[in-house]
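Notebook open, model loaded. I wanted to look up a few things and jot them down as I went.

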Protein chains: 2
Amino acid sequence: MSLIVAKFGGTSVASPERIQMVAKRLIASRQAGNDVVAVVSAMGKTTDELVGLARALNTDPPAREMDRLLSTGEQVSMTLLAMAIEARGYRAMSFTGRQAGIETDCAHARAKISRIHAERIKEAIAEGFIPVVAGFQGIDQNGDITTLGRGGSDTTAVAVAWGIGADVCEIYSDVDGVYTADPRVAPRAKKLDEINYDDMLELSSAGAGVLQMRAVEFARKFNVVIHSRSAFSDTTGTFIKEATPSMEEAVITGIAHDTSEVKVTIRGVPDMSGVAAKVFSALAGNAVNTDMIIQNISKDGITDISFTCPGADLPRAKETLDRIVGEIEAREYLIDDDIAKVSLVGTGMKSSPGVAARAFTTLGENQINILAISTSPIRLSMVVDAAQAAAAVQCLHTAFGLDSDSVFEETQLSAEEIAAKMQKGR
Amino acid sequence: MSLIVAKFGGTSVASPERIQMVAKRLIASRQAGNDVVAVVSAMGKTTDELVGLARALNTDPPAREMDRLLSTGEQVSMTLLAMAIEARGYRAMSFTGRQAGIETDCAHARAKISRIHAERIKEAIAEGFIPVVAGFQGIDQNGDITTLGRGGSDTTAVAVAWGIGADVCEIYSDVDGVYTADPRVAPRAKKLDEINYDDMLELSSAGAGVLQMRAVEFARKFNVVIHSRSAFSDTTGTFIKEATPSMEEAVITGIAHDTSEVKVTIRGVPDMSGVAAKVFSALAGNAVNTDMIIQNISKDGITDISFTCPGADLPRAKETLDRIVGEIEAREYLIDDDIAKVSLVGTGMKSSPGVAARAFTTLGENQINILAISTSPIRLSMVVDAAQAAAAVQCLHTAFGLDSDSVFEETQLSAEEIAAKMQKGR
């Protein structure tokens, strides 16, 4: 007998049939003795379609109107889900962001939740209703509708869970939990029973696309337990929660990879003080998020500087470099977008020296060349050729003792499919 | 320099291109020195699609959820129109029914407007915005969203016009005004420059589908001037307003026809007191709206009773008659759905005797048989064979001096097309 918030994404409510499935699941949870609150995203591609309509009319749509437009998507799915629940003989009541008491700042399209007044939801539960809350939206101090940005529904769910003091925030998606690696790439990947917030955040930022980082950050801040699970099965998924002693046994919790970054190399850079600063301030000034930076040993006062950045930032990076390469009197710049970043993540790394050495040795033994390295206290990231990404994940997965006894059955993907999937994941 | 409310229906905002046209028109009105407020319906078939989704999930969707669902349609069109206006360099602000201060009773799906607080709209006008109001929706005393029923956007427009004290409420549609008859049926029909509320209401109830009756009733009650005009041209349309001396000159203002009714004849009815009462109370009890009733002279204590009713009520009429025909010991009943009701409408009829005589003579001279007759002080309706409907309208149009010198160019429609068009008009 628990108090549960259950969040369903756009895929889970994409059609009347899927909405029926969600209604069944909520009712099953009620029948099992739980109190349950649903949080929903807009149906399928609704949000994209609304954005398309808006852009057809205004290349730079006013933010207030855009948020009101987009918020209708969740209003449709919440009412339809409420109707589906009622059709099965249970009482349901839908809540817009405003009615759910979700207050945000005024930053349209990327609003942050500042407060939540969950009294009306609690009342509805007490009266026997299954509340259905529109994800992704809130209301600012002027009474205007705001949206939380893409993936904001996960954040709504965590915020509602915190607001009503739920025991757990279930986040349903098309995967059944968090794995030690992407099972389509590493067939011996294991589903984790639980993972702590820090590891989850590092895995997410390193390319594992299961959960929105913002939602995990919110959950960590307010200590909300998340249960990441499949919308299409009843299997228990992965619990994301505070670190417990038993969780810290493993040195490495999981391996993420990300093929959405690109590597840029500036060649023939005069090795003078201030040159690197000039390059990277210009890039930062143009909103290019540089990730790893490598400077080769200089030779004859000339060096090469490489950095990685998200593929989405590449047009702005090029624009900056077209200008700066001449200014710093470098020779040229080259772009390599056939790269992948493979990251080992684990809070256990802090107390286990030798992780880096073992990782480098493993890749070396497998003839995989490391193009760049970066680290945090609980993460070790290495850039390799995209074509070697799957092999890198697999051999590291084995070397760090993560392999499961059973082999994941889904066919292994091609490098292109992995790349596409990973970019979607971000 | 006027204060204008301009209402655009679903067809006028069905696509981004159409929305651009509406934005242009509003801006042109502003440039001409007017203050203007737009009221919009949902885009094209949006409302039907939402109803379809709801019915797929719940054959009897909860009214509160249904209204919240449907209200999203106008929220989409209002924001898109606001964006289109802003893209052209003018400031726009969208208003939901709630924000426009449209208070209704609690009758979901057919709410009546009880009050309007138009202060926020007036403020927006004063600040230089073009307010864009969602039609069709309001808010009840519990703060729940209500909808006004089909065609409710016209009523919203009239209510807003009254609330802000507008000089005129422009209602844009695909026709350019009110005609003396349907020009597709009577090619010599004339557009009326103006028509009084009573005549407009009678024409609407007799089948002329230009305006929602409810909106006209609201306008009459609060003396709001309506301008019915085309969304696709700049031509002046028809003003609907209080009767003026000049308007009363014509005996007949217009001729409406309606092919959506059916005629039912009960044969071999014993001519005893109380039998007719039994039949018509049973029909009324089953929500069949009987229109005209004809009882033939009885012969040997046996008579026939005929009545007309909307085609939509026919299933319920049949259900009632299957039961009642046996009870009253009548012989049988017959259904004729190939009929048309042709109505002469005009406040001038009150002071001009002889209208009925002239109408019957005219139809007789044209070999058109009259199947039933009903009247009001300002209307004379006659039922004829559907195949003769166009001929009846044309000869009456000529006989009552309504013919224009110019001939309407659109090809004359077939009886089926007229029937389809007329049913849509209702």
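Below are my entries, going from the whole assembly to a single residue.

Ground rules. I am working on a predicted model, where local features need pLDDT of at least 70, side-chain atom pairs count only at pLDDT 80 or more, and totals for chains, interfaces and linings use all residues. Residues count from 1 along each chain as its sequence is written, chains are lettered from A and ligands numbered from 1 in the order written, and side-chain values use heavy atoms, with hydrogens and water left out.

Symmetry. I laid chain A on chain B and got an RMSD of 0.1 Å, with a turn of 179 degrees and a shift of 0.0 Å along the axis (least squares on C-alpha atoms of residues with pLDDT of at least 70 in both copies). The two copies are thus related as by a two-fold rotation axis. In chain A, A:Thr72 has the C-alpha nearest that axis, at 2.8 Å.

Domains. I found chain A split into domain 1 (3–173) and domain 2 (248–426), with bounds from an automatic or database domain assignment. Their centres, taken over C-alpha atoms, are 37 Å apart.

Record check. UniProt, in an unreviewed entry, puts "domain: ACT" at residues 264–342 and 344–416 of chain A; such annotations may be inferred rather than shown by experiment. Over 264–342 I read 32% helix and 35% strand.

One residue. I found A:Ser29 in helix 1 (residues 16–31) of chain A (helices are DSSP runs of H or I, at least four residues; strands are E, at least two). A:Ser29 is buried at 15% relative accessible area (buried is under 20%, exposed over 50%, partly exposed in between, with a 1.4 Å probe and protein chains only).
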